[in-house]
Amino acid sequence: MFSIIQLLFFVAVVGHAAAEVPSYIQICGARNPNLDDCVIKSVTGLHDKLRDGIPELEIPAGEPLIINQVVLADMPNFKAIGSNIKLSGLTNYRINHLHVDLKKQQVDIDLTFPECRMEAIYNITAKILVPIVGKGPISLTAKNVNAIVKTSFKIVNHNGKRYIYFPTMTTRLNVKDFVVKFELTNFDKTLQEAVREALGSSHQEVLEATTPNIEKAISERCLELANKICKHFTYDELFPDRE
């Protein structure tokens, strides 16, 4: 989720030297006793910026987040691989909880997304009435998606300077209310309806099989973007020793 990366970036950048921080970012010192609240206030007012991108900080537009390929489901009678996956609605979020621990070098974030949308092209292999191999577009719309994100960072030395590096991240999604629409472009209507009926009776099973793969893909993509952004700032620039 691109908003997660933007949150991680602003967790860091709010501690940057005041003369170099854009006016739309609220400054929060590393020794601020209310650092978490300060970061939340800074990020909350940035929805439009995060959606459209911030070229001067090398942050691309957050809508949509593109993931090249991910295994959507891998069950005995139903396998689906999604490609050209587009995730939307990720820059509209509510921060339920955020905690930055500079000593332990970790960040915990609890987010809610009012509505998330996924569009992709999928390749499906299924055994329903007869063996089926097909390809077509799929879309998923989910309401009130909860995301629990935990990430750690390290301080690494490069050319005599210290930088932040994010080695790991875990993303846990909780999706309850969702609608799936898909097409099988190379089958007749009777077979398409059979597939829809079969999947319609096992949406929850498909979701449970799909979610871990999407969580992993999101975490990997977020780590890639976070480290690309943070390499532009030294640790001492990001976290000056002041309130």
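Partly exposed means a relative accessible area between the buried range, under 20%, and the exposed range, over 50%. Keep that in mind for the close-ups below, which all come from a predicted model.

**View 1. E115 and R117 join up in a salt bridge.** Here the side chains of E115 and R117 come to 3.3 Å, N to O. E115 has 27% relative accessibility, so it counts as partly exposed. R117 is partly exposed too, with a relative accessible area of 37%.

**View 2. K143 joins E115 and R117 in a network of salt bridges.** Look for three residues here: E115, R117 and K143 are linked through salt bridges.

**View 3. D108 pairs up with K150.** The closest N and O atoms of this salt bridge are 3.7 Å apart. Which of the two is buried? D108 is, at a relative accessible area of 17%, while K150 is partly exposed at 45%.

**View 4. E215 and R172 make a salt bridge between a helix and a strand.** Their closest N and O atoms lie 3.7 Å apart. This pair links distant parts of the chain: E215 belongs to helix α5 (residues 203–230), R172 belongs to strand β6 (residues 161–174), and they are 43 residues apart. E215 has a relative accessible area of 9%, so it is buried.

**View 5. Zooming out to the whole structure.** How many salt bridges does a search of the whole structure find? It turns up 4.

Methods:
Residues numbered from 1 in each chain as written. Predicted model: local features only at pLDDT ≥ 70, side-chain atom pairs only at ≥ 80, totals over all residues. Heavy atoms only, no water. Buried < 20%, exposed > 50% of the residue type's maximum accessible area, 1.4 Å probe, protein only. Helix = DSSP H or I, 4+ residues; strand = E, 2+ residues; numbered from the N terminus.
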